Amino acid sequence: IGPGYSRRILGFRDALGGFLKVEQLQEVYGFPDSTYQQLKDKLTVDPARIKKINVNMATEEELGRHPYIGRKLAAGIIKLRNDLKNYADIEQLRQVPLINEEKYRKIAPYLSTH
């Protein structure tokens, strides 16, 4: 792959906080499936290196910058945090109206309560 896709991959990785699965490369803007198919078996990820966002300390803007969260969901997360006086457990995110099961599974690994 060339420098353009390399920049996109690294930018997406940094915005996420790291890759949990190789399959997330398919979410990189414009990344060809044919290239992904050629590379997928040669790549590894280390989920232990994920940089998590503390939902009890993060600003709405910080949460909103995460590719899986965005501005509207960040506002909902902050509103519930204010109502709860802090999250005791990540599972409480399920109470945010905009979070369905699929969304929860995507964002939960990137968030922590401490």
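**Notes on the model**

1. At a relative accessibility of 43%, Glu 91 counts as partly exposed, a class lying between buried (under 20% relative accessible area) and exposed (over 50%), with a 1.4 Å probe and protein chains only. Glu 91 forms a salt bridge with Arg 94, and their closest N and O atoms are 3.0 Å apart; the term requires a side-chain nitrogen of Lys or Arg within 4 Å of a carboxyl oxygen of Asp or Glu. Arg 94 is likewise partly exposed, at 35%. A network of salt bridges links Glu 91, Arg 94 and Glu 101.

2. The model is predicted: local features need pLDDT of at least 70 and side-chain atom pairs count only at pLDDT 80 or more, while totals for chains, interfaces and linings use all residues. Residues are numbered from 1 along each chain as its sequence is written, and side-chain values use heavy atoms, leaving out hydrogens and water.

3. The whole structure contains four salt bridges. One of them joins Lys 79 to Asp 83, with 3.2 Å between the closest N and O atoms. These two residues are separated by about one helical turn because they lie four residues apart in helix H4. Lys 79 is exposed, at 52%, and Asp 83 is exposed with a relative accessible area of 52%. Another salt bridge pairs the side chains of Asp 14 and Arg 13 (3.0 Å, N to O); Arg 13 is partly exposed, at 34%.

4. The chain has five helices and two strands, where helices (H or I, at least four residues) and strands (E, at least two) are DSSP runs numbered from the N terminus. Their order from the N terminus is α-α-β-α-α-α-β.

5. The largest nonpolar core has 31 residues, and Leu 63, Ile 77, Leu 93 and Leu 111 have the most contacts inside it. Such a core is a set of buried Ala, Val, Leu, Ile, Met, Phe, Trp, Tyr and Cys residues joined through side-chain atoms within 4.5 Å. Helices H1 (3-16), H4 (70-84) and H5 (101-107) each supply at least two residues of this core, and H4 gives the largest share, five residues. Beyond four places in sequence, the contacts of Leu 111 (heavy atoms within 4.5 Å) include Ile 53, Leu 63 and Leu 93.

6. Asn 54 lies in strand E1 (residues 53-54) and is buried, with a relative accessible area of 18%. Not counting residues up to four places away in sequence, Asn 54 touches Ser 112, Thr 113 and His 114.
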